[in-house]
Amino acid sequence: MERRDKINYYLDLAHTVSKRSTCLRRSYGAVIVKNDEVISTGYVGAPRGRKNCSDMGYCVRVQLGIPRGERYELCRSVHAEANAIISASRDKMIDSTLYLCGVEPDGSFVANSCCCSMCKRMVINAGIKEVIIRDDEMNYRVINVSEWIENDESVTGTRGY
């Protein structure tokens, strides 16, 4: 039996965490790791005590035809990255790695997945060093968070991802 490489191991954990998501549009899971230790996890879901879209049976953003990566203020959910950050102390997140896995309703991985602009800002302020995003079962992208600081899409007005 071939041993799974470390990056895909943590992405597999993020994939497992995504199965707790309550979003009808896409499921995401995030895992924050530092020094080979899991610091926290997070998945997409409504704030504690509020109804999830999966409980209500509809998504406002889908009803309004809002494209991916836009108008997140209308979303009922807290994103996976945000939930993972909320659950960790900042001193443990400094220079850590966030592993992110997005899954479509049909079970395929989200193509060209990335953090939304709000989550990017949280990742930057949390002190996370890099984000690794799953593209498929074996392939992933490594993003140095300093790139998000240097290439600020809010200055250029870029929307979506």
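So, Arg-4 sits in the segment before α1, and that helix covers 6-18. Keep in mind, everyone, that this is a predicted model. How exposed is Arg-4?

Now, who does Arg-4 touch? If we skip its neighbours within four places in sequence, Arg-4 is in contact with Tyr-9, Asp-12, Arg-134, Glu-137 and Met-138.

If you want a sense of scale, take Arg-4 and Ile-66. They're 62 residues apart along the chain, and their C-alpha atoms are separated by 38 Å.

Okay, moving on to Met-122. You'll find Met-122 in helix α6, residues 117-126. Its relative accessibility is 33%, so Met-122 counts as partly exposed. And which residues does Met-122 contact, leaving aside its neighbours within four places in sequence? Those would be Ala-82 and Ile-85. Here's another pair for scale: Met-122 and Leu-24 are 98 residues apart in sequence, and from C-alpha to C-alpha they're 24 Å apart in space.

Last topic, backbone angles. A bit of background: most residues other than glycine have a negative phi. Which residues here go the other way? One of them is Asn-35, with a positive phi of about 50°, and it isn't a glycine. Where is Asn-35, then? Look in the loop between β1, which is 27-34, and β2, which is 37-43. Asn-35 has a relative accessible area of 69%, so we call it exposed.

Then there's Asp-95. Its phi is near 65°, again a positive value in a residue other than glycine. Asp-95 also belongs to a loop, this one between α5 (90-93) and β3 (97-103). Is Asp-95 buried or exposed? With a relative accessible area of 54%, it's exposed, because the cut-off for that word is over 50%.

Met-122 is in α6 and contacts Ala-82 and Ile-85 once the sequence neighbours within four places are set aside. And Asn-35 has a positive phi, as does Asp-95. That's me done, thanks.

Technical notes:
Residues are numbered from 1 along each chain as its sequence is written. This is a predicted model: local features need pLDDT of at least 70, side-chain atom pairs count only at pLDDT 80 or more; totals for chains, interfaces and linings use all residues. Side-chain values use heavy atoms; hydrogens and water are left out. Helices (H or I, at least four residues) and strands (E, at least two) are DSSP runs, numbered from the N terminus. Buried means under 20% relative accessible area, exposed over 50%, partly exposed in between (1.4 Å probe, protein chains only). Contact means heavy atoms within 4.5 Å.
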